Protein chains: 4
Amino acid sequence: MFFASDNAGPVHVQVMDRVIAANADYAMPYGNDPIMDEVRQSIRTAFEAPDAAVYLVATGTAANALALACYCQPWQTIFCSPVAHIHEDECNAPEFYTGAAKLTLVPGGDKMTPDALRRSIAGEEVRGVHGPQRGPVSITQVTERGGVYSLDELRALTAVARDHGLPVHLDGARFANALVALGCSPADMTWKSGVDVVSFGGTKNGCMGVEAVVFFSPEKAWEFELRRKRGAHLFSKHRYLSAQMAGYLQDDLWLTTARQANDNCAYLAQGLRAAGASFLHTPQANMIFASFPRATHQRLHDAGAKYYIWEGTLEGDDPSEMLAARLVCDWSVDRAAIDAFLAHFQ
Amino acid sequence: MFFASDNAGPVHVQVMDRVIAANADYAMPYGNDPIMDEVRQSIRTAFEAPDAAVYLVATGTAANALALACYCQPWQTIFCSPVAHIHEDECNAPEFYTGAAKLTLVPGGDKMTPDALRRSIAGEEVRGVHGPQRGPVSITQVTERGGVYSLDELRALTAVARDHGLPVHLDGARFANALVALGCSPADMTWKSGVDVVSFGGTKNGCMGVEAVVFFSPEKAWEFELRRKRGAHLFSKHRYLSAQMAGYLQDDLWLTTARQANDNCAYLAQGLRAAGASFLHTPQANMIFASFPRATHQRLHDAGAKYYIWEGTLEGDDPSEMLAARLVCDWSVDRAAIDAFLAHFQ
Amino acid sequence: MFFASDNAGPVHVQVMDRVIAANADYAMPYGNDPIMDEVRQSIRTAFEAPDAAVYLVATGTAANALALACYCQPWQTIFCSPVAHIHEDECNAPEFYTGAAKLTLVPGGDKMTPDALRRSIAGEEVRGVHGPQRGPVSITQVTERGGVYSLDELRALTAVARDHGLPVHLDGARFANALVALGCSPADMTWKSGVDVVSFGGTKNGCMGVEAVVFFSPEKAWEFELRRKRGAHLFSKHRYLSAQMAGYLQDDLWLTTARQANDNCAYLAQGLRAAGASFLHTPQANMIFASFPRATHQRLHDAGAKYYIWEGTLEGDDPSEMLAARLVCDWSVDRAAIDAFLAHFQ
Amino acid sequence: MFFASDNAGPVHVQVMDRVIAANADYAMPYGNDPIMDEVRQSIRTAFEAPDAAVYLVATGTAANALALACYCQPWQTIFCSPVAHIHEDECNAPEFYTGAAKLTLVPGGDKMTPDALRRSIAGEEVRGVHGPQRGPVSITQVTERGGVYSLDELRALTAVARDHGLPVHLDGARFANALVALGCSPADMTWKSGVDVVSFGGTKNGCMGVEAVVFFSPEKAWEFELRRKRGAHLFSKHRYLSAQMAGYLQDDLWLTTARQANDNCAYLAQGLRAAGASFLHTPQANMIFASFPRATHQRLHDAGAKYYIWEGTLEGDDPSEMLAARLVCDWSVDRAAIDAFLAHFQ
């Protein structure tokens, strides 16, 4: 009954098999391995972007910080949600990698609205040289509260960015989960919707530690390579990153694992709803925030269930009675564990 | 016949087996996995350092840059060899991670001498607030030219640092190869010789991508953790780093693979010497620089041998006739390949 | 009728006279001039702080950014008002000088409240290594909206900081105006109220370009000197900074000019109130925000009055009728200009 | 008898008079004062560069570091002399402002030679993404040893830079002294010789604290403005910087003061030579390095003469007998002081 995070589960066997298969003989280091050629081709095909520049790093924070640094001058500010991972969970890595840029938190919840974004942008760069200058817009998809921007929502945001000539970054640590939820194509959810660069997550969805950074136009490619090396994120034995990503993309494994995670999470949500729990955010992908009685939490805890208690209570709930949980379904979670979890609600 | 680098070979099966074995169920992320406890204990035991703070990262550049940053203020300068990896091959990563410190290149060859180091240190911090302030001394063991500092040489260098109150970093990307060459203990080659922090390499000696940073006194531990996270080098699925290092340390595999690499390199050197080649640097570990006729290079090239042509000729050699090669023996190289290589000298 | 800012007025003759007097013969450079000894002594006396470390720089942004950098690690966050100068008007200088720290904007108006500060502090450093760590609290006195914290208010804020072990910086670009408004001593408004370091402004109150940074305990002194030099803020012909500050402190000129500015501003405010204007913020020092009819603005504009139109309208005001002005009284403003300004309200 | 530095002398009366004259009424802040228009025009005229972007800062280090930062990416390296001010005397300011770039010290003396520069450039950027990338060439004119590059020498260096597509910065802290020594035009010594940006010094030659940064093509102008503000080097009461520079340029004062300094230095050198002293570097501008007996040093010291003892002895000199002095003539030095100094040699 492990629902603490999708960064704590195992690697999918297909990914591991590619890693094992890669482990023979010599391979040119630093991204010049032949498996990387396969990866590059697969991603370009999947994204319908034959000119895309594709790079691999091992952590989501590296993907975000390096991608943003390519589009953000040190005197600029990045527009993002107040609960964005880049703001709350990266220990100032975006500030570090951009050379000390600022983050402007667009007021509201986990999802930015076009109006709020527009007002935030309007609020910066009005003091000439004195204030920070406007930099990229960073959108998280799936959001930190388990929400998924519809294509219309996404396009409304990127339109605001485009109106001001600002580049758009998509933090896709859970890219596949969002894609499966929307049922659209990778191109739809990125460049066709106005995204310039995406952090395409693998780690949370069946890999060991690999994320792709995909630039839809190649003009930042060389700068990224230098920034990656300077950031100490270029792997010598790069083939093991390539192999993970190759296994992840092969036969659309990434969509299969994401679908599993989302479906299981929907099943969990349904069970919780049936058991009387309510939700702080509408369940859409593989992460939900459910409120239920403290007594049930106690039973779950005693039975060894793992998840994070979440601050905040639903309007109308009595906090002495009710408590919220963040529940994340890893791709590897099975129905038995969910059923066992739900059994404690009866 | 692959002698280009020890960063291009495969992962040892014992390391891979631990990675595969780690791949079950859930494990707490971000270094809180139980395998990391094993790793920490093994390294403390191996180094006879029960209080050592031990951390894992995936690249040697990250290990070096993060370790140095803990001991170097932005207005200081790091003393190192002019051919140090941190100077020549890390695309300004040490400068980046230290917040813009300088590197002072101690004049001489790949090995620093105590006199040259003393003069370099004397040359800095003589202009009060105007010049850079003295920072850490960074020593590379095995050096970039395949040399190994004896314990006496090491201690003479660290004594100079200690005289000036400067901390000492050891870049041990090839730590095991040096240790095996010296036949001393890890403690002898580090804290007993005045080293404060070591980058303990795994990648080049049988791992996939893992290096330990070992602090012999723990006062920088928390700072390192924050710097690692901020640098985007903290792995969520950290168990796969831990597993590599655990497999590497288990039953002294790391010494076995290093011994293999060194022995094979000695065998190669002996064969080359017998064939009339001469050496730009005395062979000591698993990397040698041999000068031999251009015609032989041509035959080797035609036969598919891989290695780097090296700039510089031995005194007395005619550069139109003779050319140098850098030859590195990976832990995995076999005698057959060496014999095949040597066969082209006849 | 110049009310645009107190950074656009002339230098007081007493300050200029000291600059002229300093202009003879040679003086040791880089802060070793004898006038600096006088300045150091005067500030220590004025602040009743015999051990204070005192330094001069030429801009308020340099004073703030350098002072904060001495108390803020790159992975920390600075707590400040959402309208703080360090956030809105320094083009990311604090981020630059701290090595990429973050600013946490304490919700509310220009004045931070202890409760809001406490909640902001509570909101950070709850995610271990993942989020930013808590750094210094920066308080602006006079605030950016012309407000003055009472000693009780100041102490309530610094008590919150002290509860969390956080250092306190005071941005005193208008230090003298606040002091005169409160009628307390410099010690009262700083170290006796829990302030660790103050940016003590001179430029806006009669100087040419000089600010002192005063550390009430000297442990950051040498670090500040190195940071100042590294930031290119150490003057070779330092005596001209010293001379300004010496003239400013001599015979309490700084209090005289501040009193003039505040008194004239009070006179202006009284006249505006009498003429029916209302205030967005209670007038307390030398900067006020008054709302009055657009037609009056037009008359003032036509007559050549200089001031900034301010966004935001008072509740109840009709924005098509009423418009706000930011009006700042420089130390040098005279009653005639104020009377001329007020005449347009009739 | 003050020969310690040209950063310790007084301000020329013409400069001071302009500062005093500027001290009336209000002036728009932050570089929007009308005197800055005059300065901009004067510099464009003096340099025959109608499109030049012209900015003022208060210190030479700021001028150098900000100018270089506009032309140097963080992963690049700046080519300069091993005794360049940017390397030895700016406490890592260029590293700080460039975001952690490196400095490559071109082997040789204070003057770079084209061959040495070419070899240094050839030595970098040969390792792809691994090493630092080639950045700007920075030339110091007058050099740190009092030398002056001829136009031919200058052009030979910039030709090497141009061959590699590298921008050229001129550190002209003593620009006027070099110009007077060469007898050429400002355009000759800068853009006509391949210089892209110059730090045009005022402080050492009669000003209080002002340096111009002159870009010969304006594409970096806005970036410079942002970097200057972010670096806390934009003055609010900017008119006092403008006034200094206006006074400095007026009626070619800058050439007059430089000529005085150089002529007096030549007179001093001649006297020293006549008294039997020898020179470590050929006297060319206003700074010389003379070797003479320790006994004479003692007499001078007892008489209160101020100058720096210089390390290094001339070949053939007995260090127990002879000692070197660095002697700098400020614009304000008078013949009487020189004669008094020389009197001690008899």
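## Helix α13 of chain C

A residue is called buried when its relative accessible area is under 20%, and exposed when that area is over 50%. In this predicted model, helix α13 of chain C, spanning residues 294-302, has C:T296, C:H297 and C:L300 among the buried residues. These residues lie on the same side of α13(C), because they cover an arc of only 105° around the axis. C:H301 and C:D302, on the other side of α13(C), are exposed.

After α13(C) comes C:G304, which has a positive phi, near 90°.

Chain C is superposed on chain D by a rotation of 180° with 0.0 Å of shift along the axis, and the RMSD is 0.0 Å. The two copies are therefore related as by a two-fold rotation axis. Within chain C, C:G231 has the C-alpha nearest the axis, 3.6 Å from it. Both copies use the same surface, since 100% of the contact residues of chain C recur in chain D.

## A buried glutamate in chain B

Helix α4 of chain B (residues 85-88) contains B:E88. Although B:E88 is buried, it has no salt bridge. D:R127 is the nearest side chain of opposite charge, 4.1 Å away, whereas a salt bridge requires a side-chain nitrogen of Lys or Arg within 4 Å of a carboxyl oxygen of Asp or Glu.

Leaving aside residues up to four places away in sequence, B:E88 touches B:P82, B:V83 and B:R145 in chain B, together with D:R127, D:H130, D:G131 and D:P132 in chain D.

Key: Residues numbered from 1 in each chain as written. Chains lettered and ligands numbered in written order. Predicted model: local features only at pLDDT ≥ 70, side-chain atom pairs only at ≥ 80, totals over all residues. Heavy atoms only, no water. Buried < 20%, exposed > 50% of the residue type's maximum accessible area, 1.4 Å probe, protein only. Helix = DSSP H or I, 4+ residues; strand = E, 2+ residues; numbered from the N terminus. Arc of directions from axis to C-beta. Least-squares fit on C-alpha atoms with pLDDT ≥ 70 in both. Contact = heavy atoms within 4.5 Å. Lys, Arg positive; Asp, Glu negative; His and termini not counted.
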